[in-house]
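Here are a few friendly comments to go with your copy of the model.

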Amino acid sequence: MIKRPSSSPPSSSSSTMAEVDHNGKRKKHSTGSLHRYMIINGKLIVMIITALLSSVFLIPPIKIIMQQSTTRQSNDSSNTNTQQLQIPPCPNNPWKEEEDLRGKCPGDLKPFSGASSISTCASTCCDNSECISWQYRQDVGCLQGKDVRLGQEKDGVSAWCSDHPPYRWNGAYLKVHKEKHKGMEDSEVRRKGCNEETWNPNEEIGQCFGLGDVKPGTPSNSALECMKACCASDKCNAWQWNKELGCFYSGGMHGCQENLDPITFEPFVGRRKYLATRKYIDKHNKPWQMTM
């Protein structure tokens, strides 16, 4: 009988320490496998670690910023709603809709001492048939008066109110103003005011009135161009320019805002009663509506 050689079972050490790859070569486990694992999955591990770090260091600040933004929006909405709630309706003579007397009304509305808040200023005007328009701001209190034109309206009374909050302006006189050019002659004021080296564009930074409509075209591009356009006309003695509103000039101006405390550039709150006798139209005979 021919004896066949017995096949020895593979040792446990060789089966655990090595195996043959698809090329027939032995490949090592342990350290080598870990190295290959890191190469294959390294990007995934980096992404996981980055996500964990972001959750610790980045997400809390983002939440804080979002909470602050939400709070500001909520406060703005709350302030607007509060203001609206402070203005009681006027059933017998309703307030004109979609507008606010937030700008200056130079000299046409007078102080009314019988009201110390927005709501009382509105209600007392509502109850008074002689009162058509009212305004309120903390520093000046309650102002009341008869009908006024607003913004670009051209029909109705001569009394006028600006349709925008008080802005900072550039502007100057080109003839003697008794409080600003003491001891000077008109010719000297104009000569200095029309010279780029000696002009003072900050002579009147509070809004003035009486300058008419905005001047179209090039003068609205800058304070310097507005000044030059005024100086080019012998009939022009005063000008003002604002980047939002443009260039205005005329033979004179009045009612200039002299108190330049920060609150004087804050908007008013105000309304006027709707009058059936008014058309509320602009110079082109088209309905004019305030931009809110």
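Is Cys161 buried or exposed? That is point 1; the others follow from there.

1. Cys161 has a relative accessibility of 0%, and therefore counts as buried, the cut-off being under 20%. Bear in mind that this is a predicted model. The residue sits in strand S7, which covers residues 160–161. Setting aside neighbours within four places in sequence, Cys161 is in contact with Lys104, Cys105, Val148, Arg149, Leu150 and Gly151. Arg149 lies 12 residues away along the chain, with 6.1 Å between its C-alpha atom and that of Cys161.

2. On confidence, the chain has a mean pLDDT of 82, with 74% of its residues at 70 or more. Residues 7–30 fall below 50, and that stretch makes 15 contacts in the model beyond near neighbours in sequence. Residues 74–82 also stay under 50, and here the model has 0 contacts beyond four places in sequence. Please keep both stretches in mind when you work with the coordinates.

3. Now to the open sheet, which has 4 strands in the order S3-S5-S4-S11, paired antiparallel. Strands S3 (110–111) and S11 (269–272) are at the edges; each has a single partner strand, so one side of each lacks a neighbour in the sheet. S4, made of residues 133–137, is joined to S11 by 4 bridges, and the two run antiparallel. Within this pair, Ser133 is opposite Arg272 of S11. Helix H4 (residues 118–127) packs on the sheet, where it touches S4, S5 (141–145) and S11. The direction of H4 makes about 170 degrees with that of S4.

4. A hairpin of 3 residues connects S9 to S10, and the two strands pair in the antiparallel sense over 5 bridges.

5. Which residues of helix H6 are buried? In this helix, residues 223–231, they are Ala223, Cys226, Met227, Ala229, Cys230 and Cys231. As a reminder, an α-helix has 3.6 residues a turn, so residues three or four places apart point the same way. The cover over the buried residues of H6 includes strand S8 (170–173), helix H5 (186–193), and strands S9 (238–242) and S10 (246–250).

Technical notes: Residues are numbered from 1 along each chain as its sequence is written. This is a predicted model: local features need pLDDT of at least 70, side-chain atom pairs count only at pLDDT 80 or more; totals for chains, interfaces and linings use all residues. Side-chain values use heavy atoms; hydrogens and water are left out. Buried means under 20% relative accessible area, exposed over 50%, partly exposed in between (1.4 Å probe, protein chains only). Contact means heavy atoms within 4.5 Å. Two strands pair if DSSP finds at least two bridges between them. Axes are lines fitted to C-alpha atoms, for helices over the stretch in contact, and angles run from 0 to 180 degrees between N-to-C directions. pLDDT is the predictor's confidence in each residue, from 0 to 100.
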